[in-house]
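My notes are below, in the order I looked things up.

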Amino acid sequence: MSHKNIPRLTMVIPAYNEASTIVSCLEAIFSQDHPFDEVIIVDNNSTDETIELAKPFDVKIITEERQGVVYARDAGFDAATGDIIGRIDADTLLEKKWTKELLRALEDEDSAAVTGPVYYHDMPGRSTGQKVDTMIRQGLDKLSTRAKFLFGSNMAIRSSAWSVMRDVV
C-alpha cells in the first residue's frame with residue numbers, strides 16, 4: 001500500500017457510563033503506531049463523568065438519545081468520515097499495532113470488513129473466559145454460511161460497505 005493511498009481511519013466508541021475505562025481506552029487509541037484520522041465517542045445517555053474525561057483527548061463527541069449499543073454504533077458509523085470505520089467497546093485496550101494490522105488485513109480491496117480476537121484483561125477466570133469466547137466465535141463462524149459475524153468489541157468495516165449494509169444490520 002503506497003503512502004498516498006492509505007485509507008483514512010475512523011474509530012467509533014459507543015459509550016454509556018464508561019468513566020472507569022474511557023481514559024485507558026483513549027490512551028491506547030492515541031498510542032497507535034499508525035494514528036487514527038478521527039475518533040468518535042457516541043454518548044448514549046451517560047450519567048457519569050465519561051464525556052468530561054474524554055474531552056481532553058482529540059475526539060469528536062456525538063450524542064445518541066435512543067438507548068442501546070446498536071443505535072450508538074449506527075450514529076457513530078453514520079457520522080464517520082473515514083474510509084474505514086473501526087468499532088470497539090469503551091473498555092477495550094487496543095494493542096499498539098492495531099491500526100497497522102487493520103490496514104494490512106484490508107489491503108485486499110475485496111475485503112469489506114474484518115474482526116479480531118478479544119482478550120479479557122479484567123475478567124476473573126481469564127483463561128476460561130478466553131476459551132469460552134473462542135468456542136462461541138468458532139460456533140458462530142460455522143453457522144454463518146453467507147457472511148461472517150463481526151464482533152463489535154474488535155472490528156472494522158469499509159465505509160462503502162457500511163453504506164450498503166446500513167439498513168439490513
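Predicted model: local features only at pLDDT ≥ 70, side-chain atom pairs only at ≥ 80, totals over all residues.

**Entry 1: the cores.** I began with the largest nonpolar core, which has 24 residues. Met-11, Ile-13, Leu-26, Ile-29 and Ile-41 touch the most other members. Then I checked who supplies it: S1, H1, S2, helix H2 (50–54), S4 and H4 each give at least two residues. H1 makes the largest contribution to this core, with five residues.

I picked Met-11 and listed what it touches, skipping its neighbours within four places in sequence. Among its contacts are Ile-29, Phe-36, Val-39, Leu-94 and Trp-98. There is also a second, separate core of 14 residues, and Ala-75, Phe-77, Ala-80 and Trp-162 are in it.

**Entry 2: the sheet.** In what order do the six strands of the open sheet come? I read it off as S3-S2-S1-S4-S6-S5, with mixed pairing. On average, neighbouring strands are turned by 20° against each other, direction ignored.

A reminder from class: strands of a sheet pair through backbone hydrogen bonds, either parallel or antiparallel. I found both kinds around S4. Strand S1 (residues 9–15) pairs with strand S4 (residues 84–88) in the parallel sense, over four bridges. Val-12 has Arg-87 as its bridge partner in S4, and Met-11 stands opposite Gly-86. S4 and S6 run antiparallel and are joined by five bridges. There, Arg-87 turns up again, with Met-155 in S6 as its bridge partner.

**Entry 3: is S4 buried or exposed?** Five of its five residues are buried, so S4 is largely enclosed by the rest of the structure. I then sorted them by face: Ile-84, Gly-86 and Ile-88 are on one side, Ile-85 and Arg-87 on the other, and both faces are covered.

Which residues of H4 are buried? I got Trp-98, Thr-99, Leu-102 and Leu-103. Looking down the axis of H4, I saw that its buried residues fall within an arc of 130°, so they line one face of the helix. Their cover includes S1, S4, S5 and S6.

**Entry 4: ring pairs.** How many aromatic pairs are there? The count is three. In one of them, Phe-30 and Phe-57 are stacked, 5.9 Å centre to centre with 20° between the planes. Phe-30 sits in the loop between H1 and S2, and Phe-57 in the loop between H2 and S3, so the pair ties together parts that are 27 residues apart in sequence. Phe-30 is partly exposed, with a relative accessible area of 38%.

Phe-77 and Trp-162 have ring centres 4.9 Å apart and planes at 85°, so this pair is edge-to-face. Phe-77 is in helix H3 (residues 69–79) and Trp-162 in helix H6 (residues 159–165), 85 residues apart. Both Phe-77 and Trp-162 are buried.

Conventions
Residues numbered from 1 in each chain as written. Heavy atoms only, no water. Pairing = 2+ DSSP bridges. Axes fitted to C-alpha atoms, helices over the stretch in contact; angles between N-to-C directions. Buried < 20%, exposed > 50% of the residue type's maximum accessible area, 1.4 Å probe, protein only. Arc of directions from axis to C-beta. Contact = heavy atoms within 4.5 Å. Core = buried A, V, L, I, M, F, W, Y, C linked by side-chain atoms within 4.5 Å. Phe/Tyr/Trp six-rings, centres within 6.5 Å; stacked < 30°, edge-to-face > 60°.
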